[in-house]
Amino acid sequence: MTVSPMMQQYQEAKAACPDALLLFRMGDFYELFHDDAKTASRVLGLALTSRDKGENPVPMAGFPHHQLESYLGKLIAAGLRAAICDQVEDARQAKGLVRRELTRIVTRGTVTDDALLDPRESNYLAGIVPGEIAGLAWVDLSTGRFLAAAVPSEQLAEELARIGPVECLAGDDAGEIPTLPGMLITRRPAWAFSHRNALDVLHKHFGTQSLEGFGFVAEDAAAIRAAGALVEYLAETQKTSLGHIDRLVPYRLGTSLAIDEASRRSLELCRTLREGRREGSLLAVLDRTATAMGSRLMAEWLANPLTDRASIDARLDAVGELLTGANLAAELREQLKRVHDVERLLARVTTGRATPRDLSCLARTLRVLPAVKARLTARASVLLNRLETEIDLCPDLRARLDAALEDECPLVSREGGFIRAGHSSELDGLRELASGGKQWIARYQAEEATRTGISSLKVGFNNVFGYYLEITHAHRDKVPPHYIRKQTVKNAERYITPELKDYEEKVLSADDKAKTLEHELFLELRDAVAAAARRLRSTAEALAQIDVLAGLAELARERGYCRPQIVDEPVLNIVAGRHPVLDAMLTSGSFVPNDCTADGELGNILLITGPNMAGKSTYIRQTALITLMAQLGSFVPATEATIGIADRIFARVGASDELSRGQSTFMVEMTETARILNTATPASLVILDEIGRGTSTYDGVSLAWSVVEFLHDEIGCRTLFATHYHELTELSQSLSRIQNLNVAVREWQDDVVFLHKIVAGAADKSYGIHVARLAGIPREVLERARQILARLEADHLDEGGRATWARRPQVQKGQLQLTLFEPPPHPLLDEIRTADLDNLTPVNALNLLQQWQQTLANTIAAKPR
Ligand code: ADP
């Protein structure tokens, strides 16, 4: 079978990126062939046709080249990779087959097209090297942010969840790696992760001899390996400069509040649990930023709340000052609205994709800086002062951009029209010639008309021979001899003159030259921006922080938040706390605020009982969210709050509340609970919502019971436990640090009203039957239910009326408690214990033994199987 030269070219390109869909540029279209075409037709809804119809038809699908961005977006959203093969020479000038080259490979983690990125979200590509101390590196190609960490293997999943990468690289020998919903896993050859290769790649990329300058030490070897593989992958897929990735920052674990993936999801920090939407998450409430950079930083702060009191207080001081300073936050926010996404813009500048409009956006941003800086000078807050000094006004660059650029600039530099008049005398001259030349032609036409006496004489233009003079046949005899005839058309003849051609040459070339010069000036400006990249980047980072802080101040003002008092002791004291998200969603004032106190004295394990829909879950979540907000430096929805710094927050929702996940949910619930029991420390905050509900009642109660006991005895951390098992309230009789709370309920006009008010004490036991009565269940049924309930309860009550399971076996601290229900002592044991051996004859002894055997046989026979 013969293959056309073009298909051969296609096959070569395809061989270079076998696991990507190849978008092959042919004229004005991108075409896909073979299986790629089938996939594309399915994912993109393109019509499947065929090429080389006949014996061996090749499946084909395609789309017009100007729709590349939108189709690329769809392919990437579907988790596919796309390789783009462009024509790299002008088809008209090509001798034979036009030359084509792979220009880039696009995946989720390597998208740079602005239209395909959410300005409010970072777009991280991660790399993992598994191991006892695993390596983890992550880079956002759209901003140049690049970090790496050495991570104990058991914390790898948690760290990955904190970063939330969209794509993750791992060696093809790396085995199974932790994953996240929606994360693309890309396997790479094992050698790409080797230490030798990583060092080579990184040294070459950064132009360094060692990575110690970045703060890496010998123990970070795995982190370096992961980082090296990332740069290798970017170089392979991007095929452009990666100059904006100019440093690798070591990330040290333990500097932020740890929250595992399940807790993040369950607390709905960035997305809602059911719909996965940003709306309805804590982030959506907190994010009042005015810039895209601020928005991304807000998400980062939320993912990394602090654990160091001084740093938290520094942020709170700043928010406090922005809040109290007359109009300070509002004015800053007004200024910040005019700040562009300098981080992503800089990435485009260094990778050579910036447009004139990018530069004018930067110029506009620089113009805002003096006002922002002025508002921040001489502040009491140390952080605000520091940020003020970090804003570099870049006056030199600003003057240069302002002088050079028009206010509104186009997206392409080659068409010109964006350099201000007066900036370059050469450009001004060319422009004058270009437009002046056109004027000259008008004048020339008038003069020739008079000179020849042909008033209808016209100057025209066509692509074949440029400017010409057109004279109708009626005036043919008046044509001067120096006119050179070029063309005859229906009613006229067309002529040229040397004079006309001279000017034409100057005019046309002036226009071309002006455009070329403008493009050159653009490149110079772009280079000037690139040269200032470091100063601009740190300014951008400062602006993002100011934006976040001002946003938090605005939020605090609008929703009446208070400044939390941060302490190191593991206590909580929240007065009139509100759930930040529900509070913002409900009509003003309808959320019922609640207090929460957990400390050594009152008890740090709060057991909240009450019927479904009473507000238990809301209450325990709001406590976790308030703690988290305080630690990230935000004011909190309460009238007063003392927050002891937590090292970890755990949040678990019982299996039946999370049916949507469709796994063996009870297994998941127990695995996650095990993790809490194994990793929580006395400084942690644990919230458990309906744990144990995913199994039978007795199983469930027993598990819930022993979990609480373990948290109380072994860990002693602040715990909020919401449950509808009122049996658990008995725990307070044997455990000293338990507080029983319940949700107040009122009957009203034959209906139950949930007051959502948390009050001290255990919930009303007969509540379920009570509700059933209100709902109109027949009297006989209710009566019967009451009898059954009484019987069930009696079966588990001792003589004193206490639940038998509340009686605790005496165990040493540290010893595992396996039983909840002690077996009753066998009557024989007493007899053995009290037998008077001193006065027992051998015969009597034998008789006694036989008697005991008999008793034993009888009791076993009496027990039903
Ligand atoms: P439970 O966990 O007891 O089943 P939830 O905490 O899920 O109950 O609360 C049920 C609903 O009650 C919530 O969706 C919310 O609309 C409302 N709610 C809960 N707490 C409050 C409150 N403090 N103020 C106002 N409405 C509340």
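Analyst: Helices (H or I, at least four residues) and strands (E, at least two) are DSSP runs, numbered from the N terminus. A quick word on the source: this is a predicted model, where local features need pLDDT of at least 70, side-chain atom pairs count only at pLDDT 80 or more, and totals for chains, interfaces and linings use all residues. Residues are numbered from 1 along each chain as its sequence is written, and side-chain values use heavy atoms, with hydrogens and water left out.

Now for the patch. On the surface, Glu426, Glu520, Glu524 and Asp527 come together as a patch of negative charge. A patch like this takes residues with over 30% relative accessible area and no salt bridge, and like charges are joined within 9 Å. (A salt bridge is a side-chain nitrogen of Lys or Arg within 4 Å of a carboxyl oxygen of Asp or Glu.) Asp and Glu count as negative, and the charge is placed at CG of Asp or CD of Glu. Accessible areas come from the Shrake-Rupley method with a 1.4 Å probe, with only the protein chains shown as cover.

Helix α17, residues 498-531, gives the patch its largest share, 3 residues. Glu524 sits in helix α17. The relative accessible area of Glu524 is 45%, so Glu524 is partly exposed; that label lies between buried (under 20%) and exposed (over 50%).

Elsewhere, Glu268 is also partly exposed, at 24% relative accessibility. Glu268 belongs to the loop between α7 (261-266) and α8 (282-286), and its phi is positive, near 55 degrees. Most residues other than glycine have a negative phi.

How values were computed: Patches are made of residues with over 30% relative accessible area and no salt bridge: like charges are joined within 9 Å, nonpolar side chains (Val, Leu, Ile, Met, Phe, Trp, Tyr) within 5 Å. Buried means under 20% relative accessible area, exposed over 50%, partly exposed in between (1.4 Å probe, protein chains only).
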